[in-house]
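Reader: I'm new to looking at protein models. Could you walk me through this one, starting with how its helices pack and then moving to its pockets?

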Amino acid sequence: MEFRDLKSQYNRYKSEIDQAVQDVMTKGTFIGGGPVADLEMELSRYVGTKHAITCANGTEAMTLALMAWGIGEGDAVFVPDFTFFSTGEVVAYSGATPIFVDVEEDTFNMDPKKLELAIQNAIKEGKLKPRVIIPVDLFGLPADHPAIEKIAKKHQMLILEDGAQGFGGNIDGKKACSFGDAATTSFFPAKPLGCYGDGGAIFTDDDHLAKLLQSLKVHGKGENKYDNVRIGLNSRLDTMQAAILKVKLKAFENHELEDVNRAYCNYNDMLGDWVKTPKIPKGYYSSFAQYTIILKDKSERDHLQKKLKDEGIPTMIYYIKPMHKQEAFEGNAFEENDFEVTNTLCDRVLSLPMHPYLTEGDIHKVCTNIIKILKEARSN
Ligand SMILES: *Cc1c(COP(=O)(O)O)cnc(C)c1O
């Protein structure tokens, strides 16, 4: 069994993917060209934003947005404490200061009440200017964007939605990657919509921002890339990756999103009495980048992971360390009490195999093993 089975997906779409790659090679255009332009159109149609701008990866997508907004030294950017490193990394890279915010145990996402408190604290201290909030759609579930948007408006701050794991989710039909002033996603192979290498995109309705991003991602180009009007990056999505993504977006829309949601229901049915299973709030839809359960404590979690491994069942711990405990951020002063939920989640979470090609047999095997292991451990 695989944690995320990319081979089954390739086998099912082999002829279309091979043809798409072959067409790029025959044509001989490897940067830009038709597939990139087509993909950007399809992405903006799917997400429902005016613009979709592809780039090299999900990390640079966020960096480009922060560059475009002129975020830097003296600015405070609010990021969940429970996320992949990248979300905080891009803030520090821009020269701004990341302020980590605890999450809600039920959704794994940024807690709007604690966000409000963190912003008020920063204002009271007066050293940094609160500029941006980066809500993450963790494990595929959109963050509480309605509440966060109110807070941003109140404090006149910008929102950058980190939809690296959220692509495909929605709140009352409004798609992930369409919230905030701009949103980003990643096409890293294991993400809900993945390519065969690195890739990313930025989404926005803002024409001015879109134009700036088009320039920043190609060396700050003006009229063309030999006319450079600002300092930028080289951050493009390869033509071949775009061609592959066009095929995979169809599969994603046709059945993959429904397939992971069916797997989620099957898992929840079998595991609900034994562990804390993910609950999707009313009106929300998740793209299930991960299916993550919560155990009683660290020793139960670690024991379960080890025993599952012995049975050939792969699991992952997303995430084992809160952002505020990462060595890279050790220069910043933190109040441990501010991260109560994240601290316990890191000890108790376990992500199970999750992807559209998981069979009912696979799910049954994972669940019966979990129940057997927990029953035994808990009776001791
Ligand atoms: C994967 C990920 C990123 C970064 O995407 P890359 O394409 O790997 O650079 C950013 N944020 C979150 C939450 C992610 O999971």
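Reader: Are helix α2 and helix α8 roughly parallel or roughly perpendicular?

Author: Keep in mind that this model is predicted. The axes of α2 (residues 34-47) and α8 (residues 239-271) come within 8 Å and cross at roughly 30°. Angles under 35 degrees count as roughly parallel. So α2 and α8 are roughly parallel.

Reader: What about α9 and α11: are they oblique or roughly parallel?

Author: Helix α9 (residues 298-310) packs against helix α11 (residues 360-379) with the axes 10 Å apart and an angle of about 130°. Roughly antiparallel needs an angle over 145, and roughly perpendicular runs from 65 to 115. That's why α9 and α11 count as oblique.

Reader: Is the crossing of α9 and α11 left-handed or right-handed?

Author: Let's set the two pairs side by side. α2 passes α8 in a left-handed crossing. For α9 and α11, the crossing is right-handed.

Reader: How many charged residues are in the contact of α9 with α11?

Author: α9 brings Glu300, His303, Leu304, Lys307 and Leu308. They meet residues of α11, including Val366, Ile370, Leu374 and Arg378. By class, the contact has seven nonpolar and two polar residues, and the charged ones number three.

Reader: On to the pockets! Which element gives the largest share of the lining of the largest pocket?

Author: That pocket holds about 660 Å³ of space. Of its 22 lining residues, the closest to the centre are Ile99, Asn121, Glu125, Ala333 and Asp338. Both β3 (97-101) and α5 (112-125) supply at least two lining residues. The largest share, six residues, comes from α5.

Reader: And which element gives the most to the lining of the second largest pocket?

Author: The volume here is about 510 Å³. Phe84, Gln165, Ser186, Phe188 and Lys191 are the closest to its centre, out of 28 lining residues. The elements giving two or more residues are α3 (58-68) and α4 (86-94). With three residues, the one that gives the most is α3.

Methods
Residues are numbered from 1 along each chain as its sequence is written. This is a predicted model: local features need pLDDT of at least 70, side-chain atom pairs count only at pLDDT 80 or more; totals for chains, interfaces and linings use all residues. Side-chain values use heavy atoms; hydrogens and water are left out. On a 1 Å grid over the protein atoms alone, a cavity is a set of points where a 1.4 Å probe fits but cannot get out, and a pocket is an open set with protein on both sides within 12 Å along at least five of seven lines; lining residues have an atom within 4 Å of a point. Grid points are joined across faces, edges and corners, and a volume is the space filled by probe spheres set on the points. Helices (H or I, at least four residues) and strands (E, at least two) are DSSP runs, numbered from the N terminus. Axes are lines fitted to C-alpha atoms, for helices over the stretch in contact, and angles run from 0 to 180 degrees between N-to-C directions. A crossing is left-handed if the near helix is turned anticlockwise from the far one by less than a right angle, and right-handed if clockwise. Contact means heavy atoms within 4.5 Å. Ala, Val, Leu, Ile, Met, Phe, Trp, Tyr, Cys and Pro count as nonpolar, Asp, Glu, Lys and Arg as charged, and the others, Gly among them, as polar.
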